[in-house]
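The following report concerns a single protein chain. Please examine the sequence and the structure shown here before reading the description.

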Amino acid sequence: HHSPRRTLLNFFYMGEQPLSVFYWLQIYHLWECMRILELVKYAWEPGQFVRMIVSNIASLLLLKQLSPSLMFLGTPLVMVFMYVYAREYESSITNFLGFFQIRTGWLPFAQMVQDGVQTGDMMPNLLGLLAGHFYFYTNEVAPRMLLPSRPPTLAQFVAAMDKAAPPGSTPSEGEEELEAAAEGGEEEGEGGEEDELGR
């Protein structure tokens, strides 16, 4: 029997080893990433913070179809928040496992390796990476990109590529023909002037 309550509680299950240090590290990462995102990035936009949570929950429910054997989505949701946090502050330095100083941008991948060594299954983290990347790209990267209102035609694309060609690059066949025609016209013009002088 399916109920909305079970769907929601599915995201609160973090594993069945509460005495494991890795279990509490996952809880710690969840707490820290959500705390910083809420207090810093979404400090003046709490609605956007809620929107991020809800949209990523929906994305994970869809991505779960790629791995039907995956029963719980708590770990993928932690990876989502970790990925968004890492992309937002990727140039800073963070502490991993209490011993290693790494760039924050590498934090999700370090967590994935750690979970892979511990459990032998990185699929939950991979689903979280996909959901987090989709959210971050559509909400943070794409709106900042300068894209044309409509796709360019083939002629416009070729003209843009010609302008972008570096100096000293090999000319295309069409350019060589134009240069040859121009040189031929100049030679004919010089020959005509010489004939007129001879007369």
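## The loop residue Ser67

Ser67 is located in the loop between H3 and helix H4 (74–88); helices (H or I, at least four residues) and strands (E, at least two) are DSSP runs, numbered from the N terminus. With a relative accessible area of 9%, Ser67 is buried, where buried means under 20% relative accessible area, exposed over 50% and partly exposed in between (1.4 Å probe, protein chains only). When residues up to four places away in sequence are not counted, Ser67 touches Met123 and Leu127; a contact means heavy atoms within 4.5 Å.

## Basis and confidence of the model

This is a predicted model, in which local features need pLDDT of at least 70 and side-chain atom pairs count only at pLDDT 80 or more, while totals for chains, interfaces and linings use all residues. Residues are numbered from 1 along each chain as its sequence is written, and side-chain values use heavy atoms, with hydrogens and water left out.

The protein chain has a mean pLDDT of 76, and 73% of its residues reach 70 or more; pLDDT is the predictor's confidence in each residue, from 0 to 100. Confidence is highest in helix H6 (residues 123–141), at a mean of 89, and lowest in helix H8 (residues 173–198), at 53. Where pLDDT is low, the predicted coordinates should not be read in detail.

## Overall architecture

Eight helices and two strands are present in the protein chain, arranged along the sequence as α-α-α-α-β-β-α-α-α-α. Of the 199 residues in the protein chain, 30% are buried. Among contacts between residues at least 6 apart in sequence, 59% join residues at least 24 apart.

Helix H3 (residues 46–63) has 18 residues and should span 26 Å at 1.5 Å a residue, which agrees with the 26 Å between its end C-alpha atoms; the expected span is 1.5 Å times one less than the number of residues. The buried residues in H3 are Phe49, Met52, Asn56, Ser59, Leu60 and Leu63. They cover an arc of only 100° around the axis, and therefore lie on the same side of H3; the arc is that of the directions from the helix axis to the C-beta atoms. On the face turned away from this buried side, H3 carries the exposed residues Pro46, Val54 and Leu62.

## Surroundings of Tyr42

Tyr42 counts as buried, at 4% relative accessibility. Lys41 lies over the face of Tyr42, 5.3 Å from the ring centre; this requires NZ of Lys or CZ of Arg within 6 Å of the ring centre and within 35 degrees of the ring normal.
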